[in-house]
Amino acid sequence: MLIKSPEFRRWWNSHKVHERTHGTKHMIHRAVGPITLRYEALTLPGDEDQTLFLYTADPGGPSQENLRLLGLTVSG
């Protein structure tokens, strides 16, 4: 692609990659419906090659309920 497209080459060479350490993930699970989770990415002290991701749903929200329902489908 770089060889065939000068526009792509310019874009690729100039793009900036930013590490995302927190944010929101939206997904739709076919069994339980929409799930929205907040996440934090934590680099572990003494081992920069590993990252711990923490995902949380808003307490009492629909995503928390959908996660509970999803848990019932896999634990039974």
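Which side chains meet in a salt bridge at 3.1 Å, N to O? Select R38 and D58: their side chains are the pair. Keep in mind throughout that this is a predicted model.

**Stop 1: R38 and D58**

Colour the chain by secondary structure. R38 lies in strand β2, and D58 lies in the loop between β3 and α2 (62-75), so the pair ties together parts that are 20 residues apart in sequence. R38 is partly exposed, at 46% relative accessibility. D58 is also partly exposed, with a relative accessible area of 39%.

**Stop 2: E65 and R68**

The count of salt bridges comes to two. For another, select E65 and R68, where the closest N and O atoms are 2.7 Å apart. Both residues sit in helix α2, three residues apart, which puts about one helical turn between them. E65 is partly exposed, at 34% relative accessibility. R68 counts as partly exposed too, with a relative accessible area of 44%.

**Stop 3: the aromatic cluster**

Select Y39, F53 and Y55. Together they form one aromatic cluster. The whole structure holds three aromatic pairs. Start with Y39 and Y55: the ring centres are 6.1 Å apart and the planes meet at 40°, so this pair is tilted. Y39 belongs to strand β2 and Y55 to strand β3, so the contact ties together parts 16 residues apart in sequence. Buried or exposed: how does Y39 count? Y39 is buried, at 6% relative accessibility. Y55 is partly exposed, at 42%.

Move on to F53 and Y55. This pair is stacked, with 6.5 Å centre to centre and 25° between the planes. F53 is partly exposed, with a relative accessible area of 43%.

**Stop 4: K25 over Y39**

The charged end of K25 sits over the Y39 ring, 5.3 Å from the ring centre.

**Stop 5: the nonpolar patch**

Which residues make the nonpolar surface patch? Select L42, L44, L52 and L54, and show the surface: the patch covers about 290 Å². Strands β2 (33-44) and β3 (47-56) each supply at least two of the patch residues. Zoom in on L42, which is placed in strand β2. L42 is partly exposed, with a relative accessible area of 35%. Patch residues need over 30% relative accessible area.

**Last view**

Technical notes:
Residues numbered from 1 in each chain as written. Predicted model: local features only at pLDDT ≥ 70, side-chain atom pairs only at ≥ 80, totals over all residues. Heavy atoms only, no water. Patch = residues over 30% accessible without salt bridge, like charges linked within 9 Å, V, L, I, M, F, W, Y side chains within 5 Å. Areas by Shrake-Rupley, 256 points an atom, 1.4 Å probe, with all protein chains shown as cover. Salt bridge = Lys/Arg side-chain N within 4 Å of Asp/Glu carboxyl O. Helix = DSSP H or I, 4+ residues; strand = E, 2+ residues; numbered from the N terminus. Buried < 20%, exposed > 50% of the residue type's maximum accessible area, 1.4 Å probe, protein only. Phe/Tyr/Trp six-rings, centres within 6.5 Å; stacked < 30°, edge-to-face > 60°. Lys NZ or Arg CZ within 6 Å of the ring centre and 35° of its normal.
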